[in-house]
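Hi,

Here is the structure I said I would pass on. Have a look first, and my notes on the helix packing follow below.

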Amino acid sequence: MDFNEYVGIKRPLLEKKITGILKSKLSKKISLYPDSIQKILQFVNKGKLLRGVLVILSYEGFSKKFDETVLAVSAALEILHTALLIHDDIMDNDYLRRNNETVFYQYIKEGRTLKAMSPTLYGQSMGISVGDISFFLA
């Protein structure tokens with residue numbers, strides 16, 4: 001099996017784990033929280049998830065035993081990486097990533113709709129908050 005085939009097998013498992021972890025957090029009754037989780041979920045699953053797959057590959061390379069623990073660690077790494085990218089987009093003022101609007105740009109647009117005093121500051125602040133939530137979730 002080559003690496004692309006391996007990724008094709010493991011990526012869906014990792015995506016399912018990440019989705020399960022994030023969706024389990026949607027039951028919380030904090031107003032910002034559900035929207036943040038949805039944005040994190042959309043963002044993380046649009047990536048290649050290669051870091052998480054490499055964790056799985058490394059683990060299997062040494063122990064030959066795949067289990068839920070390594071899947072959880074892989075998911076945490078991908079959520080952590082998502083947090084870093086969300087913050088990076090704010091620092092670099094990038095409005096697009098993976099051919100989609102960045103998280104903070106989505107909030108800039110929301111700030112315009114809400115007639116925020118400064119839609120850009122609103123977008124940056126909300127983006128930082130979502131990135132921070134990703135750090136805590138990881």
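A term before we start: a crossing counts as left-handed if the near helix is turned anticlockwise from the far one by less than a right angle, and as right-handed if clockwise. Bear in mind that this is a predicted model, so local features need pLDDT of at least 70 and side-chain atom pairs count only at pLDDT 80 or more, while totals for chains, interfaces and linings use all residues. Residues are numbered from 1 along each chain as its sequence is written, and side-chain values use heavy atoms, with hydrogens and water left out.

Now α4 and α6. α4 passes α6 in a left-handed crossing. Their axes (lines fitted to C-alpha atoms over the stretch in contact, with angles from 0 to 180 degrees between N-to-C directions) come within 8 Å and cross at roughly 160°. The two helices are therefore roughly antiparallel (over 145 degrees). On the α4 side the contact (heavy atoms within 4.5 Å) includes I79, A83 and I90, and on the α6 side G127, G131 and L137 are among the residues involved. By type, the residues of this contact divide into 10 nonpolar, 6 polar and 1 charged; Gly counts as polar here.

Next, α5 (residues 103-113) against α6 (residues 119-137): the axes come within 7 Å and cross at roughly 135°. That makes α5 oblique to α6, oblique being whatever is left after under 35 degrees (roughly parallel), over 145 (roughly antiparallel) and 65 to 115 (roughly perpendicular). The crossing of α5 and α6 is right-handed. V103, Y107 and G111 of α5 are among the residues in contact, as are Y122, M126 and V130 of α6.

Most residues other than glycine have a negative phi. K115, in the loop between α5 and α6, has a positive phi of about 55° and is exposed (over 50%) at 71%.

Cheers

Technical notes. Helices (H or I, at least four residues) and strands (E, at least two) are DSSP runs, numbered from the N terminus. Buried means under 20% relative accessible area, exposed over 50%, partly exposed in between (1.4 Å probe, protein chains only).
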